[in-house]
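Look at the model below. This report covers a loop, some helix packing and some aromatic rings.

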Amino acid sequence: SKAFREHLRKIGSGPHTGENLSRAEAAEATRMMLLGEATPAQIGAFMIAHRIKRPTGEELAGMLDAYAELGPKLQPIGMADKMPAPQVVVLGIPYDGRDRTAPINPLTALILTAAGVPVIMHGGDRMPTKEGVPLIEIWQGLGVDWSKLDICQTQQVFEKTGLGFVYICRHFPQAAGLVPYREQIGKRPPFATMELMWCPYAGDAHIVSGFVHPPTENMFREAFALRGTQHFTTVKGLEGSCDLPRDRTAIIGLAKPNREFERLHLSHNDYNFSNKNPSFNSTAELVEEMQSVLQGKPSEMMQSAIWNGGFYLWNCGVCPDMHSGITETKNLLTNGQAAKKLQEIRDAVASFQLVHQV
């Protein structure tokens, strides 16, 4: 593609003559990669050149524009009765998973949905470069196989239970088609950063994006500003996820409509939590520990679930402060409400699989 070659030339010309792409150019380049209009050689070259150059917030905004144009979107719920759709929380978690610390975010999603806050998650299968445990496998271990649902069925589960999962391997095959390049170039491309900001939802969303390095958060903020996204949360979380750490102060950024960006530091010591993050050993052990938490049994994972649930219930406006969020999370886990929500989701997903079998 001659048109794509011009985009590649701009970002791949080195520190002296190279240039950043405009938002429109980044959108066009991303669109051409997703649609296969760029050749495999061009796509691989673009990914590694963009990785070396480092993306700008404007370029990330353009990449998000292309994803918004071509990617799937779950539709707002609560519209059939003409009631306002509730604000949905979209959790931006690295697609290449976790391999050191136990993921807490599926429990966070169950806590939020049990409290009436709709949640959307998204991701794919095992993915380079980390090849850590992906969300889809954790949910399968919990008895929820999102991979079998098409986007319309996922929409129905979302409407019924408040939880949706956009599985790119089935719902956005164009994006899944770019994944093999990550293994071939051996590095995360800027797509891995953009995915943390992607919002596969057509309504009012509160986007939560995890990050590792402070410059990434600045790119988030610039890209969100360009796209008019006013409600988002950034979390310097465990392995770049949205999970609050317990071994250090949690560094969080809060952006809300018509308010200045706010920096929040949460220390586990101030809320009587220990400084130990549960480790990840195997998917089977992780699922067993999560089931134990949902049964209300004390454990280190229970402590992390309460720590995270307390923050997110507060941040999403369910509870007036962190302390009450912690109390409410304990109630949801010990009185069986979160476990009941999981069973509700299992039943909703399984109903489609039964129909397919018949």
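T129 sits in the loop between strand 2 (119-123) and helix 7 (135-141). Helices (H or I, at least four residues) and strands (E, at least two) are DSSP runs, numbered from the N terminus. The peptide bond that joins P128 and T129 is cis, with omega about 5°.

E131 is found in the loop between strand 2 and helix 7. E131 is not a glycine, yet its phi is positive, at about 60°.

## Basis of the model

The model is predicted: local features need pLDDT of at least 70, side-chain atom pairs count only at pLDDT 80 or more, and totals for chains, interfaces and linings use all residues. Residues are numbered from 1 along each chain as its sequence is written, and side-chain values use heavy atoms, leaving out hydrogens and water.

## Helix 15 against helix 6

Helix 6 (residues 105-114) packs on helix 15 at an angle of about 50°, and their axes are 9 Å apart. Axes are lines fitted to C-alpha atoms, for helices over the stretch in contact; angles run from 0 to 180 degrees between N-to-C directions. Under 35 degrees counts as roughly parallel, over 145 as roughly antiparallel, 65 to 115 as roughly perpendicular, and the rest as oblique. Helix 6 and helix 15 cross in a right-handed sense (the near helix is turned clockwise from the far one by less than a right angle).

From helix 6, L107, T108, I111 and L112 meet M301, A305, N308, G309, Y312 and L313 of helix 15. Contact means heavy atoms within 4.5 Å. By class, this contact has 7 nonpolar, 3 polar and no charged residues. Ala, Val, Leu, Ile, Met, Phe, Trp, Tyr, Cys and Pro count as nonpolar; Asp, Glu, Lys and Arg as charged; the others, Gly among them, as polar.

## Helix 15 against helix 14

Helix 14 (residues 283-294) and helix 15 (residues 300-315) pack at about 65°, with axes 9 Å apart. Helix 14 and helix 15 are therefore roughly perpendicular. Their crossing is right-handed.

L286, E289, M290 and V293 of helix 14 meet M301, M302 and A305 of helix 15. By class, the contact has 6 nonpolar, no polar and 1 charged residues.

## Aromatic rings

The structure holds 15 aromatic pairs. Rings of Phe, Tyr and Trp (its six-membered ring) pair if their centres lie within 6.5 Å. Y67, F172, F191 and W198 are linked into a cluster by ring pairs.

R221 lies over the face of F261, 3.7 Å from the ring centre. The criterion is NZ of Lys or CZ of Arg within 6 Å of the ring centre and within 35 degrees of the ring normal.

Key: Rings of Phe, Tyr and Trp (its six-membered ring) pair if their centres lie within 6.5 Å; planes under 30 degrees apart count as stacked, over 60 as edge-to-face and the rest as tilted.
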